[in-house]
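This briefing goes through the fold of one protein chain, residue by residue where that helps. Please keep the sequence and the model in view while reading.

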Amino acid sequence: RPDVPDARVWRGPDGARAFFEKTAESFDPIRWEPREYIAAGRHVVVRAHIVAFGATSGTPIEADEAQLWTFRDGLVARLQAFPTLEEAYVTARALDDAEGIEPAPSLSSSPPRAES
């Protein structure tokens, strides 16, 4: 997520493993609970809820986020989390624009309103 203190890019299978190892050092346990899946062409936007506890303090943490999953040839090519659905949609549109891909109809408008 771009809004976290250690916002960085993790690349490839080794990067994914390193991300989860680092996350496990900070939070024990942590889980992402998907609430809604929104198909958007080659992307899937996931409205998710995070439940975590500080690994050393035990402090409970709960937050909502949007995840942008981008697929290429049936495989996950990119995964990024955002504080809001709108930020995920904006990024999906920008990725499609950068590659000259016609955005999915669901990306042409605002994201669906999240339920309270």
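## Briefing

Thr 70 is found in strand β3. The model is predicted, and the chain in it has two helices and four strands. Along the sequence these elements follow the pattern α-β-β-β-β-α.

**Thr 70 and His 43**

- Thr 70 has a relative accessible area of 3%, under the 20% cut-off, and therefore counts as buried.
- Apart from residues up to four places away in sequence, Thr 70 touches Arg 42, His 43, Leu 75, Val 76, Ala 77, Arg 78 and Leu 95.
- One of these partners of Thr 70, His 43, has its place in strand β2.
- His 43 is buried as well, since its relative accessible area is 0%.
- With neighbours within four places in sequence left aside, His 43 is in contact with Ile 38, Leu 68, Trp 69, Thr 70, Ala 92, Leu 95, Asp 96 and Leu 107.
- Between His 43 and Pro 83 there are 17 Å in space, C-alpha to C-alpha, and the two are 40 residues apart in sequence.
- The strand that holds His 43, β2, is mostly covered, with 10 of its 12 residues buried.

**The sheet**

- Four strands form an open sheet in the order β1-β2-β3-β4, and their pairing is antiparallel.
- β1 (27–40) and β4 (75–82) each have a single partner strand and stand at the edges, so one side of each lacks a neighbour in the sheet.
- From one strand to the next, the twist averages 25 degrees.
- Helix α1 (residues 12–26) packs on the sheet, where it touches β1 and β2 (43–54); the direction of α1 makes about 130 degrees with that of β1.

**Strand pairs and hairpins**

- The antiparallel pairing of β1 and β2 runs over 11 bridges, with Ala 40 opposite His 43 in β2.
- The hairpin of β1 and β2 has two residues between the strands, and Gly 41 there takes a positive phi near 70 degrees.
- β2 and β3 are also antiparallel, paired over 11 bridges, and Val 46 stands opposite Gln 67 in β3.
- Five residues lie between β2 and β3 in their hairpin, and Gly 58 in the turn has a positive phi of about 75 degrees.
- Strand β3 (residues 60–72) pairs with β4 in the antiparallel sense over seven bridges, and Leu 68 stands opposite Gln 80 in β4.

**Backbone details**

- Asp 28 and Pro 29 are joined by a cis peptide bond with omega of about -5 degrees, and the place of Pro 29 is in strand β1.
- Asp 73 is not a glycine, yet it has a positive phi of about 55 degrees.
- The place of Asp 73 is in the loop between β3 and β4.
- Asp 73 has 76% relative accessibility, over the 50% cut-off, and therefore counts as exposed.

**The nonpolar core**

- The largest nonpolar core has 12 residues: Ile 38, Ala 40, Val 45, Ala 66, Leu 68, Phe 82, Leu 85, Ala 88, Tyr 89, Ala 92, Leu 95 and Leu 107.
- Two or more residues of this core come from each of β1, β3 and α2 (85–98).
- The element that gives the most to this core is α2, with five residues.
- Leu 107, one of the core residues, is in contact with Ala 40, His 43, Tyr 89, Ala 92, Arg 93 and Asp 96, when its neighbours within four places in sequence are left aside.

**The largest pocket**

- The largest pocket has a volume of about 1400 Å³.
- Its lining consists of 34 residues, and those that lie nearest its centre are Arg 1, Arg 8, Trp 10, Phe 19 and Ala 81.
- α1, β1, β2, β3 and β4 are the elements that give two or more residues to the lining of the largest pocket.
- α1 gives the most to this lining, with eight residues.

**The chain as a whole**

- The C-alpha trace of the chain spans about 45 × 35 × 25 Å along its principal axes.
- Of the 116 residues in the chain, 28% are buried.
- Among contacts between residues at least 6 apart in sequence, 38% join residues at least 24 apart.

Methods:
Residues numbered from 1 in each chain as written. Predicted model: local features only at pLDDT ≥ 70, side-chain atom pairs only at ≥ 80, totals over all residues. Heavy atoms only, no water. Pairing = 2+ DSSP bridges. Axes fitted to C-alpha atoms, helices over the stretch in contact; angles between N-to-C directions. Contact = heavy atoms within 4.5 Å. Core = buried A, V, L, I, M, F, W, Y, C linked by side-chain atoms within 4.5 Å. Buried < 20%, exposed > 50% of the residue type's maximum accessible area, 1.4 Å probe, protein only. 1 Å grid on protein atoms, 1.4 Å probe; cavity = no way out; pocket = protein on both sides within 12 Å on 5 of 7 lines; lining within 4 Å. Points joined across faces, edges and corners; volume = space filled by probe spheres on them.
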